[in-house]
Structure formats: C-alpha cells, structure tokens
Protein chains: 2
Amino acid sequence: MLKEIQGGICAAKGFTANGVHCGIRKNKTKRDLALIYTKTPATAAAVYTQNLVKGAPLTVTKNNIANGKAHAVICNSGNANTCNANGIEIAEKTCSLLAQALSIDPTDVVVASTGVIGQPLDITPIANGIPALVKGLGIHSDYACEGIMTTDTKPKEIAFEFSVGGKPCHIGGIAKGSGMIHPNMATMLVFVTTDCAISAKMLQKALSEDVKHSFNMVSVDGDTSTNDMVSVLANGEAGNEEIVCEGEEYTAFCEALAAVTQYLCRKIAGDGEGATKLLECKVRGAKDETTAKTVAKSVICSSLFKAAMFGADANWGRVLCAIGYAGADVDVNKVDVAFRSVKGTLEVCQNGAGIPFSEEKAKEILSESEIEVLITLGNGDGKAVAWGCDLTYDYVKINGDYRT
Amino acid sequence: MLKEIQGGICAAKGFTANGVHCGIRKNKTKRDLALIYTKTPATAAAVYTQNLVKGAPLTVTKNNIANGKAHAVICNSGNANTCNANGIEIAEKTCSLLAQALSIDPTDVVVASTGVIGQPLDITPIANGIPALVKGLGIHSDYACEGIMTTDTKPKEIAFEFSVGGKPCHIGGIAKGSGMIHPNMATMLVFVTTDCAISAKMLQKALSEDVKHSFNMVSVDGDTSTNDMVSVLANGEAGNEEIVCEGEEYTAFCEALAAVTQYLCRKIAGDGEGATKLLECKVRGAKDETTAKTVAKSVICSSLFKAAMFGADANWGRVLCAIGYAGADVDVNKVDVAFRSVKGTLEVCQNGAGIPFSEEKAKEILSESEIEVLITLGNGDGKAVAWGCDLTYDYVKINGDYRT
C-alpha cells in the first residue's frame, strides 16, 4: 500500500538537502545550486540522455557511480556545462570541492548541470556557494527543488511511504524539466531518494525498467537534451532486508518508484514550456505494447495536434494523421478516438471516420487544463500512456530568446 | 542551359489551366477549385504521402494513372476528403463529372483535395463549378495556383525553358503547402507540367529520384499530411525525341525538373505556417549522404532551434543538440557551425565547442529573412541541404483554431 507523504527527497530517513543562490544566475532571488546528502552511503543508479552531445557532468557522474555507490548529489542551474573545452575539469572540480566540505570521497558524488549550452561554466560561484550549501543542509527538499529549476514555473516534488517485508520505507523525488523534453532518453533532471535497502544491481534494473513507462513517454517539444539524467540513491536506513532479487519486495519497490516517477511525469508535461494544458494520450487495443507506445508518442508529439489543443479545437483529424505517420502497424479503418476531461467524454471518430458531435460540448471538455485523448486501435491488447502539453504562444516566446 | 520564364504550369505547350470559386470555402473571393488540362494526352508520374491515413483522392489518382497516362488534373481546397465514409465515391464522381465536361476518359484524371480532414465533402459545389472551370480554361496558371492554396500566404509558381536534343522544352510547376509538412513523403501538393517527350517509366524514375533531394528535405512542423502528392504531366508537344532511357537528354530533363522542385521547396519552406524566415541547413563533411541528410533534417525540425531563429538568437547549442539526437554517426567533437545571411557569415562553434563571437553581428545576420546554417562534420564527403522555417506566434495562432 502506498501513502503520499510530505518531505520530497527528505522524506526518506537519513537524507538532507539544501539549495542556495551562488551567483551562476543573475537573479539573486533564485537558488541555482542544489545539494542532496545521505549520512549513510547509498547504492546508486542512473539513466542518462541518449543524445550524442552529452554534458560533461554526465560523463563524470557515470564514472563516479560505476561502482554503484554515492554519498551526495550536487546540481547547478543556469549553465549546462556542455560543449565547453574544460567541462570535465569543472565538473570534477565541483565534486572535489563538495567532497572536501562534506568529508566524503569525490568519486561518491553525482554531479549535474542544467541551463544554456556552450558557455564556459565558472567554478568561482560554485566554490563560493558550497560552504553555505553544506552548512544549511536540513529538511529542505523545496530549496533543492528550486535550485535545479530552469524555465519551470512550478516546483515538482513528491514522496510516498510503502512497505517492504513489513518495514515502512520512504521514497521521494524532485524534478526539473520544461523544454527540450522528448522520449527516448532520461528526459530531464530527476533525483530520487529512498531509505529502502536495495542492491545497486536491482536498483539499476528497477530504474531502467521504470523509465520506459515514465520519463521516456513524456514529450514537450521533441528536443532531447544533452544533460538530462534520472538518478536514484537508496541508503537502506529503513532497515528492511536488502532487496537482491526479483520477488514481492522488489515489486513493492518498483510500484513505489513508479508512483514517484509517474507523478513527476505528469508535473513535467503539465509544466512544459508555455503549456496551458497537460495532455495524456492513452492508447489501447494495439497489436502489442511497442505499437501502442509508438502511436501514443506520435500523437503527443504532433505540433498540429498540440496547437489544436491550445485552441480547444476538437480537430481529431490531426490525431488520425499522427497515428498514420507514426510508423506503426495500425489499421486506420478500425481507429476510434475520444476526448475526455473532468467535463465529460466525447467520441469524435469511429472506425477511422468522423461522427457528429456537439462543438459546444467539445469546447467545454477541451477548455480544461487536463485533457485525455483516448485511442482504441481494435487490433489486440497492447496499451500505453504518453504525456505532453499544448503548443502555445508562450513556448515560442520563451524559446525565441532563451539566452538573454 | 536553363532559363527562367513566365507562365507557370501553362509555360509548356498545350497546357491550359483555370481556377474558380465553387463554394467549398465560405470566402467567395478565394478560388477553391483548380484545373489543369492538356490537349494532347500526357504521360504521368506521381509520388504520394507515406502516411497510412491516405486521402481518398490519392487512392483514385493512383488507380487512374497506373497506366502512366493522364489528360487533366482537378484539385479542390477547403476540404481534404479524407477519413470520410464516402471519400472514394466523391473523388470518383469528381473525375467523371470533369471527364464528361472535357470529353475525356474519367480514368485519365488526376484528382486531389486539400484542407480539413474528416468532414464530408459535398459534390454539389464541385458539380456546379465544373462548367465555369472548363469554360474558362486558358493561360491561367495563377488562377489554378490560387485554387489549391490553403493557409499559404503566397502563390508558388515557376517555369523554365531548357533544351533536349536541340529542341526547346518547357517545364513549370505550382505548389501549395504551408503546414503539416515534413520529410519522408511527397509533402505537399505540387503539379508540374512539361511539353518534353518522356516515357512514363522515365518520368516516374526522374520524379522519384528528384523528391529525395527536394520535397523530402523540407519540414515545416514535423507533421506529415494525409493528402499530399507531387505529380508531373508530360505531353510531348515540344517535339523532341522521346526520352526512354538514361543519357544526356534524361539528365537535361532531370536538371530542369530539379530547378522547378527546388524553387518550390524554398517557397514552401519560406511560406511555412506563421514563418518569418526561410531556414536552409547545409551539411557537409558527413560520412555519407544519408548521414548528412539525417543531420540536416534533425536541425531543421528542432522546435527549439526554430524558435531561436524566430528570436534571431544565435543559440548554436541547439544546433549541436539536434545533431546529437539525430541518430546519425557523427563525432560531435569535430562539428563546426556557422550562420550566414546576406549580412555575412558568423562562425559560432568549432570542434564541438563555442568560440567567441559578436552578439551584435549575430543579431544582424539572423534578422534577415533567409538564414543558412552551415554545418561541417569533418568526417567525409557526404553533403545535404534541408529547408525549413522558424517557429512563431503565428504558427500557434493559425493552428490553434484551424477549422473555424
């Protein structure tokens, strides 16, 4: 049984966090450096962007947690430390400065950066910020959460309590992600902490499986960032018997992890750059799961469909069009489409052809802030869900001049 | 030698055209039905959308020109006649009504429709419009061009004179295409006419090869339409010896065809929905041509890059990012990027890392209406060009409520 609780990434025993303004960003009221620390060393797992252009921090993190261990996470916003000649050096220096301040091993640090690409990252503000960052460590999930935000308009954090072998465990996460978000990679920065005892191998397995159904099914704009990762630290302080293989305990952990990641997916999609609406595309009746995923992603990624949703326009032809070019094995003459929100459900297409519907009812349903697009393919049992958002004037505005 | 001439699709001998307002669109000042007619029956070739959801007119056209022959082209705008229960019937009825009026065989008609998907197309306005459409046939490429436009803001027509075996030949084209335009299919409606004598087989070969470098390299919004096609009619009235195999004459024809199609590509991209800028991405130094194409398309399709160009923001990190997720074999540490317009050239990235540049100069270059993005991969001889446009507020506006 899962129970939502307070505390974000500090809900799990033994984890503290903090966030400060160190000066990477000009805006002094915005925290730009975040820290997560676990007293007890944790097992660690991560997934990374599949972009060939990878941020220097990812390379350093990958090396650092190759042994499945981590002690702290440090992340700056305002600069991605990517496509810089000295990126690796800066990321490693960040780790060593933090390690010194915390008296831990520099290779036990997960380091991440997010922000603009291709501008040298100065180590000075980070070096100056670390003492206050470490000194202020406490139950401050919200400060860390703010520290990793870029164009996000809302903080994204969540925590749950669950039970493994009779022991109460806790898991929590924070996320940032708004633009440059697309399936097929760890599509944003997400840090998850848990006090559940789980081996590094099983933790990586759980995470790698989870992202297939969570973060890899979110798209804001079809762009895939150079810097994104999802990492999980598990410090075992809950005192359960360590999970080392599949079974009931592993399943309980996976469910708790999925609760965190899927909550964050919805928050990330709904807070997509410029978004006014969360779009959730639910496909069923596909030949298989892969087909369902392909179709769901194609619809959620269509600029035309996204713009129609912004205008609360029930232009279901664009849904059909996106299904048609998805590159999936679909019989378009069997496709049913409906729109749903808290205002009700509206069938708009049956067997690939339009059916009469009330435009007034359509406007009412599509004017809500969370819209479901229900697609039935009539071809099997495969199903999938993908999350996205509408395409708005503000998306263009935000991205027309991001650097200044 | 190619010479640009006047006349559009009526530049080739024996071709006449017309366009009328028949009433599919409410706006009475907009022609919505177009006709192209050749006195002498023509050889015909076409390529079609690869979307699984195909407009009914495409199915009918494909059958009609299976024998490599056509006599006329009819196309309406305002309704795509797609995802309708009686689409085939309406498309066939359109052919038979036109054939009757022109005293030709209904199976010698190329029929096309463009506009909103999933709304029944009434035959009445078409039936009522055909007499005036046929009666007014003349040197009216411009009328036909207007008749096929949807959200296009500018007509797109061109013609060239060229020589085959010493005989002067003529080739011209009209196009419509503004949104829902993406590589990997015949991505818009394009009608090309020529008086050059060429066999149906060689005509199809020339067209199929041509689109790989022309229309399949254009993207406005990543969406691929259900209705688009490119068709060419060649009536042989120039009197050259029919081209039936490869050789000097075939090459001359291909060059003339490419001049028409590449002109129309630039016009279509530059007139993309809401566009203020034509973007031309030129990739060289790729491992092979396929790699170059993949990279060029990825950059031209990136929403983030497109929005940056709208804002005249030299955010080259987004170019690198799009190269990185293109799924191509590229060494990102060898990539050079520059921006170019009539105001000059600006190098912004060398060997995958940023180099200092004047933001003032960047703004000046990127404020022009035609921008080239020059990418050098340092990995071979492969090269490619792709065309696109910026992402603007108006794209969102146009597509937020297209149906009303």
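Reader: Which residues are linked in a network of salt bridges with A:Lys156?

Author: This is a predicted model, where local features need pLDDT of at least 70, side-chain atom pairs count only at pLDDT 80 or more, and totals for chains, interfaces and linings use all residues. Residues are numbered from 1 along each chain as written, chains are lettered from A and ligands numbered from 1 in the order written, and side-chain values use heavy atoms, without hydrogens and water. A salt bridge here is a side-chain nitrogen of Lys or Arg within 4 Å of a carboxyl oxygen of Asp or Glu. By that rule, A:Lys156 is networked with A:Asp152 and A:Asp271.

Reader: Which parts of chain B does the salt bridge between B:Asp271 and B:Lys156 tie together, and how far apart are they in sequence?

Author: The two side chains meet at 2.7 Å, N to O. Both B:Asp271 and B:Lys156 are buried, meaning under 20% relative accessible area, with exposed over 50% and partly exposed in between (1.4 Å probe, protein chains only). B:Asp271 sits in the loop between helix H6 (248–270) and strand S10 (278–286), and B:Lys156 in strand S6 (residues 156–164), so the pair ties together parts of chain B that are 115 residues apart.

Reader: How many residues separate B:Glu370 and B:Arg266?

Author: These two form a salt bridge, with the closest N and O atoms 2.7 Å apart. B:Glu370 is partly exposed at 43% relative accessibility, and B:Arg266 is partly exposed at 29%. Helices (H or I, at least four residues) and strands (E, at least two) are DSSP runs, numbered from the N terminus. B:Glu370 lies in strand S14 (residues 370–376) and B:Arg266 in helix H6 of chain B, a separation of 104 residues.

Reader: What area do chain A and chain B bury between them?

Author: 52 residues of chain A are in contact (heavy atoms within 4.5 Å) with 52 residues of chain B. Buried area is the accessible area (1.4 Å probe) that two parts lose on being put together, summed over both. Carbon and sulfur atoms carry 58% of it, and the area is about 4100 Å².

Reader: Which element gives the largest share of the side of chain A that touches chain B?

Author: The elements that give two or more residues to this side are helix H8 (303–310), helix H9 (317–324), strand S13 (353–354), helix H10 (359–366) and helix H11 (393–400) of chain A. The largest share is six residues, and it comes from H11(A).

Reader: What kind of aromatic pair do A:Phe162 and A:Phe253 form?

Author: Rings of Phe, Tyr and Trp (its six-membered ring) pair if their centres lie within 6.5 Å; planes under 30 degrees apart count as stacked, over 60 as edge-to-face and the rest as tilted. A:Phe162 is in strand S6 (residues 156–164) and A:Phe253 in helix H6 (residues 248–270) of chain A, 91 residues apart. A:Phe162 is buried at 4%, and A:Phe253 is buried at 0%. With centres 6.2 Å apart and 55 degrees between the planes, the pair is tilted.

Reader: What is the geometry of the rings of A:Tyr393 and B:Tyr393?

Author: This pair crosses between chains, from helix H11 of chain A to helix H11 (residues 393–400) of chain B. A:Tyr393 is partly exposed at 31% relative accessibility, and B:Tyr393 is partly exposed at 31%. The centres are 6.4 Å apart and the planes at 65 degrees, so the pair is edge-to-face.

Reader: Which residues do ring pairs link into a cluster?

Author: By the ring rule, the count is five aromatic pairs over all chains. Ring pairs link a cluster made of A:Phe310, A:Tyr393, B:Phe310 and B:Tyr393.

Reader: How far apart are the C-alpha atoms of B:Ile74 and B:Val109?

Author: B:Ile74 is found in strand S4 (residues 69–77) of chain B and is buried at 1%. Beyond its neighbours within four places in sequence, B:Ile74 has contacts including B:Leu33, B:Leu98, B:Val109 and B:Ile130. B:Ile74 and B:Val109 are 35 residues apart along the chain, and their C-alpha atoms are separated by 7.3 Å.
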